[in-house]
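Please look through the sequence and the model below before reading on. The paragraphs that follow lead from one site to the next.

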Amino acid sequence: MENRDSMWALFQKRGVSRRSFLKTCAVVTGMLGLSPAMLPKVVAAAEKKTLPPVIWLHGHECTGCDEAFIRSQSPLASDVVLNMISLEYSDTLSASAGEAFEHHLKDLMKKYAGQYILAVEGGVPLADNGIHCMTGGRTFLAALKEAAAGAAAIIEYGSCAAWGGIQAARPNPTKSVSVSDVISGKPIVKVPGCPPIPEVMTAVVMHFALFGQLPPLDAQGRPKQFYGNRIHDTCYRRPFFDSGMFVEKFDDAGAKAGWCLYKVGCRGPVAYNSCGNMRWWNGLSYPIQSGAPCFACGSNNFWDNGPFFERLPDIPVPGTIADADKVGMVAAGAALVGVVAHGALSAMQKSKQAKQQDTDVRGPEA
Amino acid sequence: MSEGPVKEYYIYSPWLRIFHWVMAASVGVLFATGLYIGNPFFIGTQGVEPTFAVNKLMSMETIRYIHFAAAYILVAGFILRVYGFAVNRGDRLLPKFWTALYWQGVVEMLKHYLFLSADHRPYLRNSLARSAYLGVYVLLFLEAVTGFAMYFMVDPNGFGAKLFGPVNGLFGGEYTVHLVHHYVAWLLAIFVIVHVYLVIRADFMEREGEASSMFSGVKFFAHKPADIGDIADDSDKQTDYGTRHRQYPAQG
Ligand code: HEM
Ligand code: HEM
Ligand code: SF4
Ligand code: SF4
């Protein structure tokens, strides 16, 4: 715990050259989504700023975000954990566990009160006094509130922490909510995704570590440089979309040729994330590249916006399977039939009336 | 029907009329291209690479371009509607929920459309029509707002996104915005069917020049319309309706 050094100090201790340090700073600048002109500032910060301690809590979730994070490629997850942040507490990555480890957490929170970054993974269940997620014998809600009180900033890592997550799907039996639904008065940043791109998480942590503040956020509280662009507007399959070349079924020729996945339910047109420009695993691939439509895993309520492989959901008309276009067609057809029938009745009424008037004027026809 | 002297009543300004047809045309185009965008298909051969297909007539890009162009025309055209509203009383035939006349009209027209009564009092525009048109403007407003919310997010830092982007948050996500846009399109389609029918029906049943009024701006009434107060202050004086009137000899 005494190893709270700056990045430069750490590099020196391990005998890494100044040249490598500068290279690393250049990489970090790019990673943070900053312009190259910011490089001197990054170097200055990396020389002076001590790395902030990070406490990483896990709530109502599947720990898939951890799985993604430990596969971070640039920088390597091991580098992040050991050299770039000082990850002081993570109940899934630590070798230790139990009483002693929980004790360590208590100490940390006291020692670094007001300084540490709190990364939260997982939603917060509120039903039945929060008993649906217990850690260390306490409800997660209690643990979270305690840890949040002394945090300098809070990162909601993954869609569960940011929006409530899969367990919040209708009817949300555990009343799972996001971290910011129960914590306020702290700088909070959402890094949603199911899971988020690990490099994005690293970048957000680094940004805070170097500049002491959160990166610029969008209206929904997500870092702009990573959640600013639509998947659809950064998609390498976009030319197929513009040309009207669509995969119709997952086993057709279009799918094989890599056409646009719009008609098999791709949510790219309404999803905001960095998959299109950063991709995953050091740019190796991302879902769309592997032929799977995006399902907007970083958006609120994506779990309720099914079916994922259709563009339009079914409209609950009992006993049928029909989307808006089918229901609309039938309704428009019914309206047409309706007006024709109404027209016929109107015409009959009018001619009856006309006869009536005739009779009134001339008397009944002999 | 006994025919009194039929008088001509000037109701709609040219601005409203021009806007109406701009709206009718652009909504038609928007609906057709919108349905295509929602469920696109490709006619003809396109090869395997997009190079061969892009910018052909039925390419997604072209159809989307037409959709957006029509959207801009519709929204720009609305300025005419606003101008008409400002300068001409006949362009302000909104539902007046606070008047007894409005509610009488609702009952009267419902009875009439359900064939419970053969006649209704003449109206410049009846209560149901007034409500329906207000409803359509609300639907069009929804379409424009949701449409531009999706449209401008191509450039999330641009001016348009600043203006309309928050709509996505308001609806709980852009996916919902896309659904609302799609569903409201169908509501508009159903309105148009009923609207066109009722216009033709009114023309046929009442012979007051309903359909032609959207071209000429005038309607013809044998009796004083019940809502004449909307275009003339002095509704008691038989001779002074609206800004223009002519008398025709009684027919028959
Ligand atoms: C060929 C088709 C159409 C015909 C013959 C037609 C005819 C008319 C007529 C005669 C009126 C005046 C109604 C009255 O006196 O109360 C009117 C008003 C109106 N129509 Fe249409 N129309 C057509 C298509 C459309 C379409 C496609 C729309 C748009 C969705 C539309 C929307 C409206 C609206 C909103 C008004 C009220 C205008 C106002 O006072 O602001 N119409 N139409
Ligand atoms: C007035 C301004 C309007 C704007 C700015 C607008 C814009 C848009 C945009 C951006 C899209 C999505 C296109 C894409 O994702 O590639 C869209 C789709 C669509 N639009 Fe509009 N639109 C407008 C009005 C209308 C109207 C009046 C109708 C119908 C009467 C309509 C019907 C549709 C339909 C059915 C879709 C497909 C929806 C989907 O499945 O995503 N639009 N429009
Ligand atoms: S695959 Fe999805 S994101 Fe890519 S162009 Fe098609 S619809 Fe857009
Ligand atoms: S492509 Fe879409 S669903 Fe897949 S990880 Fe990226 S944002 Fe999530």
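Which ligand takes up the space that is the largest cavity? In this predicted model, the largest cavity is the space taken by ligand 3. There are 13 residues around ligand 3, and those that come nearest are His232(A), Cys235(A), Cys260(A), Leu261(A) and Cys266(A). Sorted by class, the shell around ligand 3 consists of 9 nonpolar, 2 polar and 2 charged residues.

Elsewhere in chain A, Ala45(A) belongs to helix α3, which covers residues 39-48. Ala45(A) counts as buried because its relative accessible area is 10%, and the cut-off for buried is under 20%. From Ala45(A) to Gly343(A) the separation is 298 residues in sequence and 78 Å in space, taken from C-alpha to C-alpha.

Turning to chain B, the reader will find 7 helices and 2 strands, and these follow one another along the sequence in the pattern β-α-α-α-α-α-α-α-β. Of the 252 residues in chain B, 46% count as buried.

Chain B also holds the residues that coordinate two iron atoms. The iron atom of ligand 1 is coordinated by the NE2 atoms of His20(B) and His195(B), at 1.9 to 2.0 Å. The arrangement around the iron atom of ligand 1 is octahedral, because its 6 donor atoms subtend angles of 86 to 179°. His20(B) lies in helix α1 (residues 14-38) of chain B and His195(B) in helix α6 of chain B, and this pair, 175 residues apart, links distant parts of the chain. Are these two histidines buried or exposed? His20(B) counts as buried because its relative accessibility is 15%, and His195(B) counts as buried because its relative accessibility is 17%.

The iron atom of ligand 2 is coordinated through NE2 by His67(B) and His181(B), at 2.0 to 2.1 Å. The site of the iron atom of ligand 2 is octahedral, with angles of 82 to 179° among its 6 donor atoms. Since His67(B) lies in helix α2 (residues 60-87) of chain B and His181(B) in helix α6 (residues 174-206) of chain B, the pair ties together parts that are 114 residues apart in sequence. Both His67(B) and His181(B) are buried.

Methods: Residues numbered from 1 in each chain as written. Chains lettered and ligands numbered in written order. Predicted model: local features only at pLDDT ≥ 70, side-chain atom pairs only at ≥ 80, totals over all residues. Heavy atoms only, no water. Donors = N, O, S within 2.8 Å, 3.2 Å for Na, K, Ca; no water. Tetrahedral: all angles 85-135°; square planar, octahedral: opposite > 155°, others 65-115°. Helix = DSSP H or I, 4+ residues; strand = E, 2+ residues; numbered from the N terminus. Buried < 20%, exposed > 50% of the residue type's maximum accessible area, 1.4 Å probe, protein only. Near = heavy atom within 4 Å. 1 Å grid on protein atoms, 1.4 Å probe; cavity = no way out; pocket = protein on both sides within 12 Å on 5 of 7 lines; lining within 4 Å. Sits in = over half its atoms within 2 Å of the grid points. Nonpolar A, V, L, I, M, F, W, Y, C, P; charged D, E, K, R; others polar.
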